[in-house]
Amino acid sequence: MLSSDKQNWRPLVRAAFVIFFLLILFTDPALAQSPDPAYREFPLIGSRVALWLVAEVHLMFAAFMLGVPMFAVVVEMVGWRNKDARYDALAKEFVKLVVIAASTTAILGALLTFVLTVFYPKFFNYLANIFSPTFIIYPILFFGESFTLYLYYYGWDRMMEGAAKVGHIIIGIVLNIWGTILMFVANAWLTFAISPAGVDDQGNLVDLWAAITNPTWMPINVHRLIANVAFGGSIVAAYSAIKFLNSKNAEEKAHYDWMGYVGNFIAIIGLIPLPFAGYWLGREIYGFNQQMGITMMGGFLSWLWIIQALLIGILFLTANYYLWVGMGRISGGERYRRYIKYLAAILVVGWIVWATPHSIVASLEEARKIGQFHPLLGVLGVMSAKNTVVNLMILTTFISFLMYRRAGKEARGGGARRVKILQAIMVVSAASVVLFYGVYGYVDIFGLFGDPGSGTPAIIRIGFSVYQVAAVLAALFFVTLLDIFLFRRATTLGPMSWGQMPERSQYALVLLAVTFTWLMGLMGYARNAIRQDWHVFGILKDTSLDAYSPTLGFAAIVISVCVILFFGLIAFIFWLGELGEKKAKLTFPSSESKPAYEPAGSGGGK
Amino acid sequence: MTHRVLSSLKVRTIFAHPFAQAIVLEIFAYLLFVYALPFIAGIATGKPAPTPVSIVTLYMGIVTVVVLLYFSSNEATWSQFKRPVITILTEQQNRTTVIIRWVIFILLPLLAGFQAYSGLQTTVEAPAELRSIHPAPPTAIQFKGKTLNIQGLNNPLRADQANFAKNVQAGAAVYTSRCVFCHGDALDGRGIFAQGINPSPANFTDPGTIAQLQESYLFWRIAKGGPGLPTESAPWNSSMPTWEDLLNENEIWQVIMYLYSATGYSPRTWQ
């Protein structure tokens, strides 16, 4: 164990130094004024693709590194509060993966700086001039983050008891604070390129703080924080799935089954608020520049949202599927089997609506018969319909989760029935609110905003999604609260057989992670393609050969290569990381101890 | 009599089998998309509209994925589901099964070959196209020598409450003399020329056109027409005429007011 730890440590320090010196070197004013060319050509694949690959794979690693500690600390706290060593061990196992991935992340970061400075000197110098103070802070933050990470991981076993444990948890929280600030700083650079602020017409810096807090900064910060958790959860789940598939004995199987379950649970928790964070970001982009907003939603990128819809459909469905299959390992799960078909029906309808494009690809002959928009399907193409179904799909996933949670238990007491009815009313009301506003997005039935039966004004209509979301989140919150209360003293119906999962459920977890990663790359492309032929929108023009947004088809290929690179790399380093490792004691919750298979945060998580 | 009962029992047991259920679901979905949807569209709008092949393919893909996931989400159902497939692939004794296997083994490659063949066939039909219907508007346009800032521009006539009806009336006159041939009496994009035009004229009654646009966006589109579309709107074959030389600024704002008032939509406003 120790020897492999040392191996992880050294490249990281080296990479950090490389970054630091590169930054010092290229933020040097003398260099910024040198008569260097604005661009250099990267051999074979071109500078843009080179930068794209490095940036994207770095981002994937960074997202993993930032996301996992966020829930690892929570899992550690759960273990500490419940005096349950298994959760503690699980949290440590999560952090171990982060430690293994740390050096690769750092090296990729250094590589990114390198590609940017060498092949895009004009762009880099411009950013460096604007953000020079943050370029100094960044490496310091980076060191802080890495040292805290090592302290957190290597100090784990020494800080197990009493006050030391509290101290350890605080280190974990500090680690997350470092990570969050680090990401916020990096986000300032990249959001500035999309929605610059704090500069004059010529692009000279007027106000650094305004440049940092540009219009899309906070939305991206929040979006990424949530997405990192979801992404980290899904990668951890995929890791467990692979380990599960390679397990030699029942004990290993049980452990990795449980770990995969926790990872998937975290991924779902992250997935649920993600669309809403996305809307906020979209609104800010519209607000910043309408032209950009239209390019994104209605223009040449509009087809991207259809792909996105298909991918998110896969995410929702796989997450549900995993829970459905999982009920097979709980005695008592059969009771809920018959409801699954209705959930599947809602999901299929939701998915279909979400994936319906507004302007349909039709042959000439078909177009003649249909007209510009299909009379029925065209209606499904607009935002009201999409918002409605995504909210319903979230509710459905939540119901799957509730069923899973209840599968092995039976609530007791006279009030149980009443509480269940109350819960049902809440879910149904939320669904009704969602549907009501969905329909109201088309027609003002009761004449609340004008004549009854006429269209609802667009500006009011787009506010509807907020009510829909509010209704769903409220239902999620209160139903969960009641559920915790309801099942606190429930009878257990039988043992939970961890490890008795069919293999296909594990492939589902892998699919979940791959889809997540791919989706992340796709969304990154969307966010950057809206800049079109600008490095910094409206300020620094792209004058290279690549001064246009790549097509969707080309982007899909590059993103796929990124995904393959990421999984290839991460599989390789996880494998390396375990080469010198002794077999640790594997744990999983047994069904005897009462709240044992309550996953981390299954109650309080929402 | 007994025979009848027996066979009906058989039918029952067949449909209790997950594999049969999956096939029934698939067929049902297909019929729904290909026949029922156009029929419903016909009732709703008076004219049946076929479901484009691209959509049927997309929907069937989704349905198939969910059907497979559903039946494999339970161990017992899944092994039952797989059994016919495994039997067909491995059966040695039963002659009928062996024959079915051979039929399938011969048909499958033939089917794939046919698919490839028909995919490579050239037809006289123009290929389906992916057009971006609402490209980003320019920030400003030149209108009769004057610069108009599209971004943030409001319809100046809308504020004039006293002449509201008069302006709409005037807009209606412009519409019936200029636009109706393509965009139709009912503003649904089905004017008398519409049949000969590709891409089809905009259907203003659809929630996806003017209902989600600002008035200045319409102004730009009406003034500059198809030729004024930006690069991202390839293949630039829109027949929407350029009206800036035939209509004045007022008339364009009036026809816009008419479009909203006749469809009952309100324009998107600036925040």
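This is a predicted model: local features need pLDDT of at least 70, side-chain atom pairs count only at pLDDT 80 or more; totals for chains, interfaces and linings use all residues.
**Salt bridges**

Over all chains, a search of the whole structure finds 14 salt bridges.

| Pair | N to O distance | Location of each partner |
| Asp157(A) and Lys92(A) | 2.9 Å | loop between helix 5 (121–154) and helix 6 (162–194) of chain A; helix 4 (residues 85–119) of chain A |
| Arg405(A) and Asp483(A) | 2.9 Å | helix 16 (residues 383–407) of chain A; helix 19 (residues 464–486) of chain A |
| Lys146(B) and Glu249(B) | 2.8 Å | strand 2 (residues 146–149) of chain B; helix 8 (residues 249–263) of chain B |

In chain B, the side chains of Lys146(B) and Glu249(B) meet in a salt bridge, and because Lys146(B) belongs to strand 2 and Glu249(B) to helix 8, the pair ties together parts that are 103 residues apart in sequence. Lys146(B) is partly exposed, at 40% relative accessible area, and Glu249(B) is likewise partly exposed, at 22%. Elsewhere, in chain A, Glu76(A), Asp88(A) and Lys165(A) are joined into one network by salt bridges that share partners.

**Core and helices of chain A**

The largest nonpolar core comprises 162 residues, and those with the most contacts inside it are Phe64(A), Phe94(A), Phe231(A) and Tyr261(A). Helix 3 (residues 46–81) of chain A gives the most to this core, contributing 15 residues. In soluble globular proteins, nonpolar side chains tend to be buried together.

Helix 8 (residues 217–245) of chain A has 29 residues, which at 1.5 Å a residue should span 42 Å, and the 41 Å between its end C-alpha atoms agrees with that expectation. Of these 29 residues, 21 are buried, so helix 8 of chain A is largely enclosed by the rest of the structure.

Thr117(A) has its place in helix 4 of chain A and is buried, with a relative accessibility of 3%. Its side chain reaches the backbone oxygen of Thr113(A) at 2.8 Å, while the backbone oxygen of Phe114(A) lies 2.9 Å from a polar atom of the side chain of Thr117(A). An α-helix has 3.6 residues a turn, so residues three or four places apart point the same way.

**Domains and cysteines of chain B**

The domain assignment divides chain B into domain 1 (2–120) and domain 2 (140–263), and the C-alpha centres of these two domains of chain B lie 47 Å apart.

How many disulfides does a search of the whole structure find over all chains? The search finds zero. For Cys179(B), the closest cysteine sulfur is that of Cys182(B), at 8.7 Å, which is too far for a bond, given that a disulfide requires the sulfur atoms to be within 2.5 Å. The closest cysteine sulfur to that of Cys182(B) is in turn the one in Cys179(B). Cys179(B) is buried, with a relative accessible area of 14%.

Key:
Residues are numbered from 1 along each chain as its sequence is written. Chains are lettered from A and ligands numbered from 1 in the order in which they are written. Side-chain values use heavy atoms; hydrogens and water are left out. A salt bridge is a side-chain nitrogen of Lys or Arg within 4 Å of a carboxyl oxygen of Asp or Glu. Helices (H or I, at least four residues) and strands (E, at least two) are DSSP runs, numbered from the N terminus. Buried means under 20% relative accessible area, exposed over 50%, partly exposed in between (1.4 Å probe, protein chains only). Domain bounds come from an automatic or database domain assignment. A nonpolar core is a set of buried Ala, Val, Leu, Ile, Met, Phe, Trp, Tyr and Cys residues joined through side-chain atoms within 4.5 Å. A polar contact is a pair of N or O atoms within 3.5 Å; within protein, one must be able to donate a hydrogen and the other to accept it, and residues adjacent in sequence count only if both atoms are side-chain atoms. The expected span of a helix is 1.5 Å times one less than its number of residues.
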